[in-house]
Amino acid sequence: MTTPHSGQPDMTKKETRGFETEVSRLLQLMIHSLYSNPEIFLRELVANASDAADKLRFESLAQPALLENDAELGIWIDVDAAAHEIRIRDNGIGMSRDEVIANLGTIARSGTAEFIKGLSGDQKKDAQLIGQFGVGFYSSFVVADRVEVFTRRAGATTAEGVHWESKGEGEFTVEAVERTQRGTEIVLHLRESAHEFADAWRLRNIIHKYAEHISLPVHMRKQDEEGKSGEYEVVNKATALWTRPRTEVSEEDYKAFYKHIAHDFEDPLAWSHNKVEGKLEYTSLLYVPKRAPFDLYQRDAARGLKLYVQRVFIMDNAEQFLPLYLRFIKGVVDSADLPLNVSREILQQSDATDSMRTALTRRALEMLGKLAEDKKEDYQTVWKAFGQVLKEGMAEDTANREKVAKLLRFASTQAGTDSQDVSLADYVARMKPEQKKIYYVTADNFAAASQSPQLEIFRKKGVEVLLLGDRLDEWLMSYLTEFDGKALQHIAKGELDLGELDSAEEKAEQQAQEEAAKPLLERMQKVLEGSVSTVRVTHRLTDSPACLVREEYDAGHSLRELMAAAGQQLPESKPQLEINPEHALIRRLDKEAGEARFAALAALVLDQATLAEGAPLADPAAYVQRLNSLLLELLPA
Ligand code: ADP
């Protein structure tokens with residue numbers, strides 16, 4: 001027999017549920033990784049309470065009834081030393097039963113599973129990574145072996161309160177409770193190792209460290225000399241940090257505020273706090289973090305600034321205010337012009353957003369530029385964490401291309417290591433007097449770039465070449481054709497014209513070589529027909545027999561692969577083969593009278609040039625066969 005309600009769980013019943021697998025693993029790792037920094041639980045819970053208050057304020061704009069005569073939003077913290085208990089209560093938005101189950105039983109962020117797979121079990125490393133991931137509510141279990149949550153969503157009836165409880169060991173319970181207070185109360189039953197936190201002074205200190213500057217008041221009970229508790233008092237400054245004049249905000253305040261909004265353990269490397277008045281009025285506070293979040297390269301990862309309108313929180317991750325390549329910048333923007341009911345859709349179409357975006361982009365680039373100038377080492381940290389993202393700016397932001405170009409850092413043949421600390425300005429300053437162009441090479445990785453055969457002539461002449469070893473580099477650099485009036489030149493593309501770097505004698509010699517090699521070139525051309533567009537004499541090589549070269553605007557093999565992977569097939573085009581007539585192997589080839597042997601050798605030369613480029617061979621089996629038959633001829637039986 002079925003009842004009309006079959007399948008519907010009884011919402012008043014106590015229910016035991018398992019955590020999502022990811023949560024269980026994350027909890028385990030977190031407890032073990034954060035033991036050296038347990039106090040962050042308070043920062044995380046206060047941040048959540050503050051977000052909950054922001055959300056309620058926002059929802060109450062449209063539905064004032066949600067405030068239920070309780071409009072003074074805040075956080076209240078109580079300590080019971082004897083019971084080893086901490087209670088953290090807010091009167092923010094609260095949660096419904098479904099929200100409790102979804103928010104405190106799963107991890108909704110995409111990429112979580114991969115993130116957890118990436119953890120090594122090495123506590124030090126994992127602690128770093130977990131910091132990047134953002135620890136949130138679950139950090140409660142670092143100090144508590146039992147956590148209870150009592151909550152009621154704004155607008156819900158007092159019968160719709162929810163009690164959640166867990167020991168952080170794989171499962172939790174939820175049940176309906178009567179709850180008059182709106183909002184959320186978290187009860188931490190401290191582990192023995194964390195009993196020290198059931199101390200009001202200790203907690204006040206942590207609040208000063210992490211929550212001084214949040215706009216929400218944090219209340220704790222006054223204590224008399226005997227330690228007896230009295231009335232509540234506000235223990236933080238509780239004014240939104242960005243609304244204060246710069247001169248009144250200390251460096252420590254700025255850093256702590258960053259940690260609050262970014263959920264980061266680390267200090268930021270730089271910040272820029274500005275109030276703009278005029279046609280548009282807004283305040284912005286932008287930060288450069290020290291390290292990349294785990295999902296920097298995930299398309300759907302949250303990014304953007306926290307948006308306020310006249311100090312009212314509107315939304316997190318307002319991505320309309322900065323371009324994609326500056327997605328690592330954190331901060332807040334508080335506008336006096338946008339309407340309070342602004343939505344993402346409205347933001348997208350608003351002229352105010354556009355002007356703010358232009359100005360904030362400029363600010364962010366200036367902040368990075370200043371850091372690069374004043375604190376080279378810190379900028380190197382930024383470059384390591386975000387350089388590859390910043391490079392995207394050359395394709396994305398034509399208007400600021402020159403500014404972005406100044407921020408780029410490269411490895412170069414000067415150091416020969418993948419140190420990526422050479423700016424284009426450094427390069428230009430070191431250019432030889434007779435040098436007209438900025439030379440660079442791209443490959444799939446640094447090793448391949450630094451071993452490109454095309455570098456040989458530059459090494460010989462002592463001309464610096466920038467070495468780019470990321471798969472996207474070839475594409476990104478194609479957007480940067482000029483810097484400081486100097487053309488940028490890929491050394492494996494186009495005809496090599498070293499201009500005045502070659503003397504008149506060298507030029508004459510090259511011409512003579514070309515003349516002399518004509519018959520050989522023709523012969524090779526014939527046997528390699530279909531695999532290469534032309535065969536010609538190289539001026540790039542000193543030690544290698546041959547290399548591949550592309551037309552100036554033609555894509556090399558890694559860019560081709562990249563485009564193909566993205567579903568965009570580039571039109572077929574053949575590379576050019578350049579040979580070094582001085583090389584012993586090419587000389588030997590020239591003397592080869594047997595046509596079959598000549599063809600096999602020529603094919604080998606082409607295959608080797610292809611391999612040197614890091615590209616796959618069209619027919620690897622044929623290559624192996626050719627090589628083996630040559631080896632057999634050479635080796636004594
Ligand atoms: P995050 O804050 O990064 O989203 P958390 O694990 O800290 O992750 O919290 C998960 C979700 O639980 C939050 O996004 C929020 O929706 C909800 N939540 C947590 N604490 C509170 C609270 N005090 N009031 C209302 N909702 C909360």
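A nonpolar core is a set of buried Ala, Val, Leu, Ile, Met, Phe, Trp, Tyr and Cys residues joined through side-chain atoms within 4.5 Å; buried means under 20% relative accessible area, exposed over 50%, and partly exposed in between (1.4 Å probe, protein chains only). The model is predicted, with local features needing pLDDT of at least 70 and side-chain atom pairs pLDDT 80 or more, while totals for chains, interfaces and linings use all residues. Residues are numbered from 1 along each chain as its sequence is written, and side-chain values use heavy atoms, without hydrogens and water.

**Exercise 1. Nonpolar cores**

Task: State which residues of the largest nonpolar core touch the most other members, and describe the contacts of Phe321.

Solution. 
1. The largest nonpolar core holds 79 residues, and Leu307, Phe321 and Leu326 touch the most other members.
2. Helix H10 (residues 351–374) is the main contributor to this core, with ten residues. Helices (H or I, at least four residues) and strands (E, at least two) are DSSP runs, numbered from the N terminus.
3. Contact means heavy atoms within 4.5 Å. Leaving aside residues up to four places away in sequence, Phe321 touches Leu305, Leu307, Val333, Leu338, Leu347, Thr353, Met356, Arg357, Leu360 and Thr361.
4. A second, separate core has 66 residues, including Leu66, Met95, Ile107 and Ala211.

**Exercise 2. Cavities**

Task: Determine how many cavities of 30 Å³ or more the whole structure has, and characterise the lining of the second largest cavity.

Solution. 
1. On a 1 Å grid over the protein atoms alone, a cavity is a set of points where a 1.4 Å probe fits but cannot get out; a pocket is an open set with protein on both sides within 12 Å along at least five of seven lines, and lining residues have an atom within 4 Å of a point. Grid points are joined across faces, edges and corners, and a volume is the space filled by probe spheres set on the points.
2. The search finds three such cavities.
3. The largest cavity has a volume of about 220 Å³. Among its 19 lining residues, Thr442, Ala443, His490, Ala492 and Glu613 are the closest to its centre. Strand E16 (438–442) and helix H19 (557–565) are the elements that give two or more residues to this lining.
4. The second largest cavity contains about 70 Å³ of space. Its lining includes Ser50, His213, Trp242, His260 and Lys306.
5. Helix H8 (251–262) is among the elements giving two or more residues to that lining, and H8 gives the most, with three residues.
6. Domain bounds come from an automatic or database domain assignment. Domain 1 (9–237) and domain 2 (242–374) each provide at least three residues of the lining of the second largest cavity.
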